[in-house]
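The sequence and the structure are shown first, and the description follows.

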Amino acid sequence: MTMVRRTSTSVTSRQLEVLSFLSRREHWLVGEVASELGVSSAAATKAIARLERKGLVTRSVDMMDRRCVNVRITRAGSDAVRHIARSV
């Protein structure tokens, strides 16, 4: 698995794929992320949780439908995508 180092946060190639996907619009549902990546909702949730611990995404419960979890890329996540894209 390829690891990309950015300051104190290392990002795997799969995590970079998730971040790149998330950067396309303001927020996504976990199910949409899972569908786009071709993985289960549980697998997408684990990947998103790892990114959240690194401060690269945030999760929030949808106030209209508490079963839905919105995922947003943070400024640090966007910066990581741009930095890595410039490095390649």
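What covers the buried residues of α2? The cover includes the helices α1 (13–22) and α3 (41–53), together with the strands β3 (28–29) and β5 (69–73). The model is a predicted one, and the description below should be read accordingly.

Helix α2 spans residues 30–37, and its buried residues are V30, V33, A34 and L37. Viewed down the axis of α2, these buried residues fall within an arc of 100 degrees, so they line one face of the helix. The helix α2 is followed by G38, which has a positive phi, near 70 degrees.

## Overall composition

The protein contains four helices and five strands. Along the sequence, these elements follow the pattern β-β-α-β-α-α-β-β-α.

Of the 88 residues of the protein, 35% count as buried. The accessible surface of the protein comes to about 5,600 Å², and carbon and sulfur atoms account for 52% of this surface. Among contacts between residues at least 6 apart in sequence, 38% join residues at least 24 apart.

Which strands form the open sheet, and in what order? Three strands take part, in the order β3-β5-β4, and their pairing is antiparallel. The edge strands are β3 and β4 (57–61), each of which pairs on one side only.

Strands β4 and β5 run antiparallel and are joined by five bridges. R59 stands opposite V71, a residue of β5. Helix α3 packs on the sheet, where it touches β4 and β5. The direction of α3 makes about 120 degrees with that of β4. Two elements of this region, α3 and β5, are also among those that cover the buried residues of α2.

## The aromatic pair

The structure holds one aromatic pair. The pair is formed by F21 and W28. A pair of aromatic rings is described by the distance of the centres and the angle of the planes. For F21 and W28, the distance is 4.2 Å centre to centre and the angle between the planes is 35 degrees, an arrangement classed as tilted.

Are F21 and W28 buried or exposed? Both residues are buried.

How values were computed: Residues are numbered from 1 along each chain as its sequence is written. This is a predicted model: local features need pLDDT of at least 70, side-chain atom pairs count only at pLDDT 80 or more; totals for chains, interfaces and linings use all residues. Side-chain values use heavy atoms; hydrogens and water are left out. Buried means under 20% relative accessible area, exposed over 50%, partly exposed in between (1.4 Å probe, protein chains only). The arc is that of the directions from the helix axis to the C-beta atoms. Contact means heavy atoms within 4.5 Å. Accessible areas come from the Shrake-Rupley method with a 1.4 Å probe; for residues, only the protein chains shown count as cover. Two strands pair if DSSP finds at least two bridges between them. Axes are lines fitted to C-alpha atoms, for helices over the stretch in contact, and angles run from 0 to 180 degrees between N-to-C directions. Rings of Phe, Tyr and Trp (its six-membered ring) pair if their centres lie within 6.5 Å; planes under 30 degrees apart count as stacked, over 60 as edge-to-face and the rest as tilted.
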